[in-house]
Every structure is written in C-alpha cells, then in structure tokens.
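Let's walk through this one together, a piece at a time. Keep the picture open while you read.

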Amino acid sequence: MKRLIKACAVAAVLGVAMPVTAIMADDASTTTQQVTEKKVTFDIEKMTCAMCPITVRKAMEKVDGVLSVVTDYDARTAVVTFDPAKANVEAIAKASEDAGYPAILNDSHGS
Ligand SMILES: [Cu+2]
C-alpha cells in the first residue's frame, strides 16, 4: 500500500513540475527574442529639488538611442530604456554629468 502511495506522489510531482518547466523555458526564449532594448538604473545623488529630475531626464533623452527616461526624485534614480545598438551606459551617464548631475550605474536593480 505504501509503495502505491509513493508512486502516486512521484507522478503528481512530475506532473506538476513538467508544465512549470515548459512555461519557464517559453518565457526565457520570449525574453531573449525581445532584447532589442536595455533598461538600466542610475543613481543620481545630486537631485536636490523637484526640477532636477526634469533636467536629468531632458539631458538623457537627448542621447541618440534613448527610448525612455523615468526619473524618481525621492529615490534619486533615473531608469533609462535605450537601444544598445545606438546608445550605451557611458554616453547616457555623460549626458547627465554634463547637465550637472553625475549618474552612477546601479546594478542592484537588475536589467
Ligand atoms: Cu533642482
């Protein structure tokens, strides 16, 4: 009796695990195909008033290949989405620095 129950439990685990694996693999391939843009977060410590994030955003948006800039004044961050074929982290950080706001790449947010 006990053996039967064990076999059922194994089958149940396999039955659950297999579809999950399939879904994960599907997600991964979808993500890989869509990597035509990159998203990075910069820490911009010098943002000291409500106007600063706007200045930073405008400076970063001028960089060719930058698709979107979302600045967060409270967190002192700028989340930048860009086309890696046209723009790069260095160019975006420099644009911000030139505007008076040195931007430091924040890796902890992932990409
Ligand atoms: Cu300001």
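Start with the sheet: it is an open one of four strands, in the order S2-S3-S1-S4, and the pairing is antiparallel. At the edges sit S2 and strand S4 (104–106), each pairing on one side only. Going from one strand to the next, the twist averages 30°. A word on terms: strands (E, at least two residues) and helices (H or I, at least four) are DSSP runs, numbered from the N terminus, and two strands pair if DSSP finds at least two bridges between them. In general, strands of a sheet pair through backbone hydrogen bonds, either parallel or antiparallel.

Keep in mind that you're looking at a predicted model, where local features need pLDDT of at least 70, side-chain atom pairs count only at pLDDT 80 or more, and totals for chains, interfaces and linings use all residues. Residues are numbered from 1 along each chain as its sequence is written.

Now zoom in on one pair. S2 and S3 run antiparallel and are joined by six bridges; Thr71, for instance, has Ala78 in S3 as its bridge partner. H2 packs on the sheet, where it touches S2 and S3, and its direction makes about 165° with that of S2. H3 packs on the sheet too, touching S1, S2, S3 and S4, with its direction at about 40° to that of S1. Those angles run from 0 to 180 degrees between N-to-C directions, using axes that are lines fitted to C-alpha atoms (for helices, over the stretch in contact).

Next, the inside. Beyond its neighbours within four places in sequence, Val80 is in contact (C-beta atoms, placed from the backbone, within 7 Å) with Val40, Phe42, Met60, Val66, Val69 and Ile92.

Finally, look at Ala87, in the loop between S3 and H3. Is Ala87 buried or exposed? It's buried, because 21 other C-beta atoms lie within 10 Å; the cut-offs are 20 or more for buried, 12 or fewer for exposed, and partly exposed in between, with C-beta atoms placed from the backbone.

Methods
Contact = placed C-beta atoms within 7 Å.
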